[in-house]
Amino acid sequence: MTHPTSALDDIIHQRVRLGILAVLSESRRADFGYLKEVLEVTAGNLSQHLAILEDAGHIQITKGIEDKRSRTWITVTRKGRAALASEVSTMRALLEGIATAQRA
Amino acid sequence: MNLDEARETLAFSEYARKRARDDMRRPWLALVLLASLSVVSLSLTDAATSPLGLFWAFAGPLGAGAIALYAYRRNRSSGIDSSPLAYVAITVGLLILAYTAGKIGFAFGVPVIARFGPAFVVAAGYLALAWIERSWMVAAISFALLAVTAAVIGFDLSSQQSKALLFALYGITLLAVGFSMRVGRKQVL
């Protein structure tokens with residue numbers, strides 16, 4: 001029998017990375033500045049988290065020029081959406097299990 | 001796994017999700033409300049057969065177009081891009097249901113349903129939308145539309161009085177969604 005925490009995904013089981021996927025799962029796409037502001041992280045920190053998620057195939061990053069300024073749009077992939085749903089339900093189940101055990 | 005950390009991580013992702021939804025939905029909610037209200041006003045005031053009908057006939061599409069343009073521009077500048085498809089589908093669905101309610105009233109020879117059915121259907125749709133979106137504003141507009149419809153029936157209001165009430169409701173809705181978008185814009189920028 002495996003421990004319930006083994007179902008957690010090491011890549012997205014992290015506050016900022018889960019937040020990135022949560023924002024992207026609600027939208028068609030979000031830009032770098034928006035994610036930085038909502039998640040309250042520095043540009044460098046956000047870049048690192050985005051790179052990890054992109055390497056894992058959870059997000060896609062598109063860079064371009066709009067209105068004479070560079071713009072970085074990020075979209076969630078199908079794999080990222082599924083990983084987020086799985087992670088959130090696993091965490092909820094774990095927390096409920098712990099709460100039930102504590103009440104017993 | 002640290003329990004508090006897990007709880008905090010989950011809460012943070014919920015906050016991020018809610019924030020994104022709030023930032024995106026406001027203009028599209030305005031689209032649903034104003035477009036459907038202007039069409040329902042036609043049935044409640046018999047304005048379809050009067051020159052005033054022109055106001056409602058143009059207010060809906062023009063208002064919807066202006067809101068869609070605003071939403072598109074705001075999405076691009078704020079950095080979060082949403083798809084309006086779900087809200088356009090809700091608007092079209094509400095209008096089809098309202099039209100069907102009116103037709104059923106005519107088919108069964110029940111003039112009250114033919115005239116007021118569309119408003120009740122749209123108000124019920126707003127309530128469902130308010131529940132889904134957790135929006136007090138939409139719920140308040142739903143109850144206001146129900147109250148206006150009940151007043152038109154209960155007090156047998158004249159066409160002029162009905163028009164005045166509906167103009168007031170349209171104006172209040174316009175102000176409410178405008179204020180809501182203004183608040184949202186301040187949060188994003």
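Guide: A crossing of two helices is left-handed if the near helix is turned anticlockwise from the far one by less than a right angle, and right-handed if clockwise. The structure here is a predicted model: local features need pLDDT of at least 70, side-chain atom pairs count only at pLDDT 80 or more, and totals for chains, interfaces and linings use all residues. Residues are numbered from 1 along each chain as its sequence is written, while chains are lettered from A and ligands numbered from 1 in the order in which they are written.

Visitor: What pattern does chain A follow along the sequence?
Guide: Helices (H or I, at least four residues) and strands (E, at least two) are DSSP runs, numbered from the N terminus. Chain A has four helices and three strands. Read along the sequence, they follow the pattern α-β-α-α-β-β-α.

Visitor: How many helices and strands does chain B have?
Guide: The pattern of chain B along the sequence is α-α-β-α-α-α-α. Its secondary structure comes to six helices and one strand.

Visitor: What percentage of the residues of chain B count as buried?
Guide: A residue is buried if 20 or more other C-beta atoms, placed from the backbone, lie within 10 Å of its own, exposed if 12 or fewer, and partly exposed in between. In chain A, 29% of the 104 residues are buried. For the 189 residues of chain B, the figure is 38%.

Visitor: In which hand does α1(A) pass α4(A)?
Guide: Axes are lines fitted to C-alpha atoms, for helices over the stretch in contact, and angles run from 0 to 180 degrees between N-to-C directions. The axes of α1 (residues 15-26) and α4 (residues 78-103) of chain A come within 10 Å and cross at roughly 115 degrees. The crossing of α1(A) past α4(A) is left-handed.

Visitor: Which residues of α4(A) make the contact with α1(A)?
Guide: Two residues are in contact if their C-beta atoms, placed from the backbone, lie within 7 Å. On the side of α1(A), the contact is made by Leu18(A), Leu21(A), Ala22(A) and Ser25(A). On the side of α4(A), the residues are Gly80(A), Arg81(A), Leu84(A) and Glu87(A).

Visitor: Which residues are buried in α4(A)?
Guide: Helix α4(A) has 26 residues and reaches 38 Å from its first C-alpha to its last, close to the 38 Å expected at 1.5 Å a residue. The expected span is 1.5 Å times one less than the number of residues. The buried residues in this helix are Gly80(A), Ala83(A), Leu84(A), Glu87(A), Val88(A) and Met91(A).

Visitor: What is the order of the strands in the open sheet?
Guide: Two strands pair if DSSP finds at least two bridges between them. Strands β2 (residues 59-66) and β3(A) of chain A are antiparallel, with eight bridges. Two bridges join β1(A) to β3 (residues 69-76) of chain A, and two join β1(A) to β1 (residues 80-81) of chain B, both antiparallel. The order of the four strands is β2(A)-β3(A)-β1(A)-β1(B).

Visitor: Which residue is the bridge partner of Ala30(A) in β1(B)?
Guide: In β3(A), Ala30(A) has Ile74(A) as its bridge partner. In β1(B), the partner of Ala30(A) is Ile80(B).

Visitor: Which residue of β3(A) stands opposite Thr62(A)?
Guide: The bridge partner of Asp31(A) in β3(A) is Trp73(A). Thr62(A) also has a residue of β3(A) opposite, and that residue is Trp73(A).

Visitor: At what angle to β3(A) does α1(A) run?
Guide: Helix α1(A) lies across β1, β2 and β3 of chain A. The angle it makes with β3(A) is about 90 degrees.

Visitor: Is Glu40(A) buried or exposed?
Guide: Glu40(A) is in the loop between α2 (32-39) and α3 (43-55) of chain A. Its phi is near 55 degrees, a positive value in a residue other than glycine. Because Glu40(A) has 11 C-beta neighbours inside 10 Å, it counts as exposed.

Visitor: Which element gives the most to the side of chain A that touches chain B?
Guide: The contact between the chains takes 21 residues from chain A and 20 residues from chain B. On the side of chain A, α1, β1 (29-31), α2 and α4 each supply at least two residues. With six residues, the element that gives the most is α1(A).

Visitor: How do the residues of that side of chain A divide by class?
Guide: Ala, Val, Leu, Ile, Met, Phe, Trp, Tyr, Cys and Pro count as nonpolar, Asp, Glu, Lys and Arg as charged, and the others, Gly among them, as polar. The side of chain A that touches chain B divides into 12 nonpolar, four polar and five charged.
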